[in-house]
Amino acid sequence: MPYTEINRDSLLWMYETMVTIRRFEEQSRREADAGKLRGMHSSVGQEAVPTGLCAHLDENDYVLGTHRSHHHCIAKGLDLNHMMAELLGKSTGTGKGKGGTMHIADIDRGMLGANGVVGSNIPVATGVALTAKVKGTNQVSVVFFGDGASSQGVLHESMNLAGIWKLPVIFVCENNRYAEATPFEYSVAGGSISNRADGYGIPGVSVDGQSVMDMFEVGREAVARARAGDGPTLIEAQTYRYMGHFGADDPLGYRSAEEQQYYIDRDCIANCRAHILEGSFAEESELEEIDASCLAAVNEATEFANKSPFPDPEELLQDVYVSYS
Ligand SMILES: Cc1ncc(C[n+]2csc(CCOP(=O)(O)OP(=O)(O)O)c2C)c(N)n1
Ligand SMILES: [Mg+2]
């Protein structure tokens with residue numbers, strides 16, 4: 001794929017964002033292994049997908065995620081300290097510690113929420129796009145979801161409405177080849193998710209989700225299309241999660257070591273690093289400085305989160321959607 005508009009600043013931002021996500025996820029895993037959080041779904045391996053897309057968004061645009069959403073939140077610019085605190089259930093977290101890993105949201109930064117109910121954010125993002133269109137705000141709504149979620153009826157209803165009303169929504173399927181232990185080949189009829197866009201008269205594109213440069217190109221076009229009022233795009237990003245579904249499962253129980261290695265050999269961070277160096281966009285030493293600052297930021301967030309207090313039990317029923325009093 002020809003890379004038309006990727007300048008040094010964009011490339012370095014994307015490299016930094018992906019390294020930050022990787023370090024954050026490794027640390028989250030350690031915190032989970034130490035028993036400080038539950039239900040952590042690692043996004044290691046999938047960093048390029050939201051990074052290449054979010055490079056085209058500003059803070060007024062919206063992102064909606066899934067149960068596996070730490071990478072979406074970081075790519076949308078959420079504060080690492082408050083994210084890590086949310087994971088550990090602390091009062092300084094994005095949701096004051098009541099949401100946890102699967103429900104991180106920061107409305108001020110346009111992250112309308114991760115969500116543990118598979119597929120549920122797809123129609124919400126479509127409604128958000130409808131609001132933007134009716135109000136004429138020029139905002140774009142991006143929803144990430146998995147290959148498993150792609151067979152939920154709500155995606156099809158949403159693509160239909162977004163198609164007829166030309167809504168500024170981008171449907172991004174992260175096809176990491178598995179829904180828990182169920183392989184994509186078993187659960188997706190027709191062998192392609194992007195082809196499903198044809199039925200709704202909207203563009204559907206399959207892209208190498210391990211290449212942040214490819215994601216950037218496809219994202220640029222989809223965001224421009226949405227902003228121009230030309231309607232939605234369905235992006236199927238071919239990617240892979242390196243870890244188990246949620247940490248406690250052994251992925252080698254349902255996939256081969258050779259398959260895992262195939263994707264690890266095409267790692268998005270190594271791939272971007274090579275692209276930067278080969279194109280002389282930066283020196284090795286500059287990348288090392290970025291690596292060090294990403295690690296330092298994650299370490300700082302971990303310290304902040306661990307030192308923060310748990311919410312007061314008196315606050316249990318505050319800020320919750322439904323309470324019994
Ligand atoms: C409506 C609903 N059904 C089932 C589940 C249980 N569940 C949690 S994650 C998951 C698999 C999702 O797979 P996919 O959409 O491919 O996302 P990935 O985990 O690969 O990121 C399932 C079935 C759920 N959380 N919500
Ligand atoms: Mg999946």
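User: Which residues are the closest to ligand 1?
Analyst: In this predicted model, ligand 1 is surrounded by 15 residues. The closest of these are H67, R68, G116, G148 and N176.

User: Which residue has a side-chain N or O atom 2.7 Å from an oxygen atom of ligand 1?
Analyst: Oxygen atoms of ligand 1 lie 2.8 Å from a polar backbone atom of G148 and 2.8 Å from a side-chain N or O atom of N176. The side-chain N or O atom at 2.7 Å from a ligand oxygen belongs to H67.

User: How much of the area that ligand 1 exposes when taken alone does the protein bury?
Analyst: The ligand contacts include the one between a ligand oxygen and the side chain of N176, at 2.8 Å. Taken alone, ligand 1 exposes 580 Å², and the share of that buried by the protein is 70%.

User: Is S150 buried or exposed?
Analyst: S150 is found in the loop between β3 (141-146) and α6 (153-165). Leaving aside neighbours within four places in sequence, S150 is in contact with F145, L155, H156, C173, V188, I193 and R196. The relative accessibility of S150 is 0%. Buried means under 20%, so S150 counts as buried.

User: Which helix supplies the largest share of the nonpolar patch?
Analyst: The patch on the surface is formed by L130, V134, L161, I164 and W165, which together have about 470 Å² of accessible area. At least two of its residues come from each of α5 (121-135) and α6. With three residues, the largest share comes from α6.

User: Is L130 buried or partly exposed?
Analyst: L130 lies in helix α5 and is one of the residues of the nonpolar patch. Its relative accessible area is 31%. Buried requires under 20% and exposed over 50%, so L130 is partly exposed.

User: What separates E26 and R23 along helix α1?
Analyst: Side chains of opposite charge can pair when their charged atoms come close. The side chains of E26 and R23 meet in a salt bridge, with N to O at 2.9 Å. E26 is partly exposed at 29%, and R23 is partly exposed at 24%. Because they are three residues apart in helix α1 (residues 8-33), the separation is about one helical turn.

User: How many residues apart in sequence are the parts tied together by R227 and D61?
Analyst: R227 and D61 form a salt bridge whose closest N and O atoms are 2.6 Å apart. R227 lies in helix α8 (residues 212-227) and D61 in the loop between α2 (48-54) and β1 (62-64), so the pair ties together parts whose separation in sequence is 166 residues.

User: Which residues are joined into one network by salt bridges that share partners?
Analyst: The count of salt bridges comes to 14. Those that share partners join into one network R22, E47 and D267.

Key. Residues numbered from 1 in each chain as written. Chains lettered and ligands numbered in written order. Predicted model: local features only at pLDDT ≥ 70, side-chain atom pairs only at ≥ 80, totals over all residues. Heavy atoms only, no water. Helix = DSSP H or I, 4+ residues; strand = E, 2+ residues; numbered from the N terminus. Buried < 20%, exposed > 50% of the residue type's maximum accessible area, 1.4 Å probe, protein only. Contact = heavy atoms within 4.5 Å. Patch = residues over 30% accessible without salt bridge, like charges linked within 9 Å, V, L, I, M, F, W, Y side chains within 5 Å. Areas by Shrake-Rupley, 256 points an atom, 1.4 Å probe, with all protein chains shown as cover. Salt bridge = Lys/Arg side-chain N within 4 Å of Asp/Glu carboxyl O. Near = heavy atom within 4 Å. Polar contact = N/O pair within 3.5 Å; in protein donor to acceptor, adjacent residues only side chain to side chain.
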